[in-house]
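These are my notes from one sitting with the model. I looked up helices, ring contacts, salt bridges and the surface, in that order.

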Amino acid sequence: MQIQMGSVEDKVDQDNFDDHAPFTSSPSASKVHTFDFETSVVDLRRSSIFNITRLSRSVYVVLIKAKINLLLPFGPLAILLHYLTGHHGWVFFFTLLGITPLAERLGYATEQLAFYTGPTVGGLLNATFGNATEMIISIYALKSDMIRVVQQSLLGSILSNMLLVLGCAFFTGGIAHYKKEQVFDKAAAVVNSGLLLMAVMGILFPAVLYFTHSEVHQGKSVLSLSRFSSCVMLVAYASYLFFQLRSQQNVYTPVVEEGDNGENSDEEEEIELTKWEAIIWLAILTAWVSILSGYLVDAIEGASESLNMSMAFISVILLPIVGNAAEHASAIMFAMKDKLDITIGVAIGSSIQISMFVIPFCVVVGWCMGKEMDLNFQLFETTTLFITVLVVAFMMQEGTSNYFKGLMLILCYLIVAASFYVHVDPKNGDD
């Protein structure tokens, strides 16, 4: 019965088709429809094959191609160790190794996105997502009432960017171009130095107010001053962004020396990701960094005891080296290509963003969360920041760089690292 019903339905469909197409023979019409169907199937297969190929190539470029991606498995391994052993020293060490390639890949995805946004917005994006790791770690630490870890890790990021990252960039760029002195925009360097000194002012006065015991309301004036100064610094940073994006759109344009035809600057990086691929990878990498940051913060105190290192050294030196992997790679790459203005924009721009945006932002977020996060970074840390900003400002005032300037900045960072290795956070200067 089912076979007969099927044949009757086929006949009815054929009759209806013949009624609707009186001037067309059914054999030729069926051939046309068969051809259209086969064409659509072929197009569908081609598009699906193209999408799979594009997806596999994107995964290869982001997660496999770079040699630093060999460290990616340490992230899941750290999570396994957290639940299986609970050994905070190993969890902290493996989490650091797992976050390092993620920070570098964030910088890579940002550089790919910069091809579609232009050099000015690209430089700002590079500094922003380069600091995503520090910002995520800070928020997790703030939730856990580890205010000193927040303060010291952000301070360490500024010191690392200004001394280690910029020093390595100047040194490698000077070695790669040892026959000439590299130049960058002197006016932009002066503006950057002024912003860094303003950040030092915002951090210095709460510490001076605290240690001179000259508060109007004991225990409250420092916090109030910190919150007011943070709002002012956020306004200043917003004005700085407007100044860069609107008034001075050539801030990241490389300076061309006299007699240089720009032949060396014609070499452009290869576009390997589309705009939306770069955005999607930025979201994925940021999410994975946030997951690992939670385990990292949980293991800091245990790691300090098991590794026999002070919390100050771990927060100021170890954490920023991992978080600044993106800036480190980008700054060195652009310096070797004689694009020092972009190098300054990445290294110093990142320091400005941490000091003028991330630190005040954490104070405001702590205010909203009921945490007493302030700008009193204690006397030792504040003095270190002040001297570092002065050294870097003197190094950049001429608008030139060479390998010797880079070497001096690196040696200064070694002195800072040794100082924090023997420094113990005072017990009475608590959160």
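Entry 1, helix α4. I began with burial: 23 of the 30 residues of α4 are buried, so the rest of the structure largely encloses this helix. The model is a predicted one. I then checked the length of α4, which reaches 42 Å from its first C-alpha to its last, close to the 44 Å expected at 1.5 Å a residue.

I searched for aromatic pairs and found twelve in the structure. One of them is Trp90 with Phe94, a tilted pair at 5.6 Å centre to centre and 45° between the planes. Both residues lie in helix α4 (residues 88-117), four residues apart, about one turn of the helix. I looked up the cover on each ring. Trp90 is partly exposed at 46% relative accessible area, while Phe94 has 13% and counts as buried because the limit is under 20%. I also noted that Trp90 and Phe94 belong to one aromatic cluster with Phe74 and Phe93.

The next pair I opened was Tyr237 and Tyr240, whose ring centres are 5.9 Å apart with planes at 45°, so this pair is tilted. Tyr237 and Tyr240 sit three residues apart in helix α9 (residues 221-247), about one helical turn.

I noted the charged end of Arg105 over the ring of Tyr108, 4.3 Å from its centre. Lys143 has its charged end over the ring of Tyr140, at 5.8 Å from the ring centre.

I looked up Ala141, which is in helix α6 (residues 132-143) and is buried at 1% relative accessibility.

How many salt bridges does a search of the whole structure find? I got six.

I took Asp145 and Lys371 to begin with; their side chains meet at 2.7 Å, N to O. Asp145 lies in the loop between α6 and α7 and Lys371 in the loop between α13 (340-369) and α14 (379-396), so the bridge ties together parts that are 226 residues apart in sequence. Asp145 is partly exposed at 44% relative accessibility, whereas Lys371 is buried at 16%.

I then checked Asp338 and Lys180, a salt bridge with its closest N and O atoms 2.5 Å apart. This pair also links distant parts of the chain, with Asp338 in the loop between α12 (325-336) and α13 and Lys180 in the loop between α7 and β1 (182-183), 158 residues apart. Asp338 is buried at 18% relative accessibility; Lys180 is partly exposed at 27%.

For Glu398 and Lys405 I read 3.6 Å, N to O. Glu398 is exposed, with 52% relative accessible area, and Lys405 is buried, with 10%. I also recorded a network of salt bridges that links Arg148, Glu381 and Asp425.

I found a nonpolar patch of about 570 Å², made by Ile175, Tyr403, Phe404, Leu407, Leu411 and Leu414. Helix α15 (residues 403-421) gives the most to this patch, with five residues. Ile175 is in helix α7 (residues 147-176). With a relative accessible area of 45%, Ile175 is partly exposed.

Terms used:
Residues are numbered from 1 along each chain as its sequence is written. This is a predicted model: local features need pLDDT of at least 70, side-chain atom pairs count only at pLDDT 80 or more; totals for chains, interfaces and linings use all residues. Side-chain values use heavy atoms; hydrogens and water are left out. Patches are made of residues with over 30% relative accessible area and no salt bridge: like charges are joined within 9 Å, nonpolar side chains (Val, Leu, Ile, Met, Phe, Trp, Tyr) within 5 Å. Accessible areas come from the Shrake-Rupley method with a 1.4 Å probe; for residues, only the protein chains shown count as cover. A salt bridge is a side-chain nitrogen of Lys or Arg within 4 Å of a carboxyl oxygen of Asp or Glu. Helices (H or I, at least four residues) and strands (E, at least two) are DSSP runs, numbered from the N terminus. Buried means under 20% relative accessible area, exposed over 50%, partly exposed in between (1.4 Å probe, protein chains only). Rings of Phe, Tyr and Trp (its six-membered ring) pair if their centres lie within 6.5 Å; planes under 30 degrees apart count as stacked, over 60 as edge-to-face and the rest as tilted. A charge sits over a ring if NZ of Lys or CZ of Arg is within 6 Å of the ring centre and within 35 degrees of the ring normal. The expected span of a helix is 1.5 Å times one less than its number of residues.
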